[in-house]
Every structure is written in structure tokens, then in C-alpha cells.
Amino acid sequence: MSRLELHDVTEKNLRALTEFPLRPGQDQFVAPVVHSIAEAYVTPTAWPRAIVDGDEVVGFVMANFDPDNELEAFRCGIWRLNVAAGAQRRGVGRFAVEEVAREARRRGRDRITVLWVEGEGGPEEFYLRCGFVPTGERVFGQVLGVRTTTERV
């Protein structure tokens, strides 16, 4: 891995964002990036970002920062995280989680949330390793996890 960075979604990286493949079976756990970008377009509080390694788009993360949302789970957290099949298990996802936490800290927030679908091959173990703790609550049938925005090593 060279230096990972988050970039705004632009016409220059849009095609790569919408075409990178996931590992087989992962599409049942996360919405396609094109759907997320469309959702961000109509959601002013969404924070969509391309995850870039050098010149290569290796993932996509979308957070939401809406402190007045009626659902606490949607006030500050990760809505989507997609990592290209060839870039998985190289720290890309963890980088994205920490960048969302950093942005949340910058906005004065002390915790972030994430929702995940349970199932074999799903993201639960990843989110647990990133410090998310299930709250016991389900939102839209998904597990709600929460963690602090404290920087992790």
C-alpha cells in the first residue's frame, strides 16, 4: 500500500468508483456504490468519499453527519463502506473507518455508528475489530454498532 487518501467524488473518479468489484457474495451486505452516490446527491448531510491508493480507486466510504436526525443511529456514522476485492485485507477499510472518526472529531462528535447485516462473509467481524460494539438495538433489521471517535493505532 502506498499512501491512502480520501478524495471527493468527482467526474474523474466516478467511473472507477462504480466499477470496482467486490469479493463474491459481498454484494448482499452493502449497496452498490452507484446507489450510494445517488443517495448522497439527494442527502445534504451525506459525506461520500473515494478511497484512493496512489492513482487507484480502492474503495468508497459514505458517512452521514446530521446531528438533528430523529434517529440517533443516523446522526453521525458510516452509512456505506465498499472496498475493492483486490484491496481487501490491506488496511483500506480500517483507514476509512478512522478517517470518518477523524472527521466526526473535527465536527465535535465523540462517537460514530454503523449498521451491518449479519451473515457468513459479512462485515461484522471487521467492524468489531475496528472497535464497534453492538448496542443490542436493530435498525431496519440491521445490527447497530457504536464506537468512540478516539484515534486508534
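Begin by selecting Arg147 and Phe132: Arg147 lies over the face of Phe132, at 6.0 Å from the ring centre, where a charge sits over a ring if NZ of Lys or CZ of Arg is within 6 Å of the ring centre and within 35 degrees of the ring normal. This is a predicted model, in which local features need pLDDT of at least 70 and side-chain atom pairs count only at pLDDT 80 or more, while totals for chains, interfaces and linings use all residues. Residues are numbered from 1 along each chain as its sequence is written, and side-chain values use heavy atoms, with hydrogens and water left out.

Rings of Phe, Tyr and Trp (its six-membered ring) pair if their centres lie within 6.5 Å, and planes under 30 degrees apart count as stacked, over 60 as edge-to-face and the rest as tilted.

How many aromatic pairs does a search of the whole structure find? The search finds six, and among them is the edge-to-face pair of Trp47 and Phe65, at 5.8 Å centre to centre with 75° between the planes. Trp47 lies in strand β2 (residues 46–53) and Phe65 in strand β3 (residues 56–65), so this pair ties together parts that are 18 residues apart in sequence; strands are DSSP runs (E, at least two residues), numbered from the N terminus. Trp47 is buried at 10% relative accessible area, and Phe65 is buried at 6%, where buried means under 20%, exposed over 50% and partly exposed in between (1.4 Å probe, protein chains only).

Finally, select Phe74 and Trp79, whose ring centres are 6.0 Å apart with planes at 85°, so the pair is edge-to-face. Phe74 is buried, with a relative accessible area of 15%, whereas Trp79 is partly exposed, at 22%.

Notes: Helices (H or I, at least four residues) and strands (E, at least two) are DSSP runs, numbered from the N terminus.
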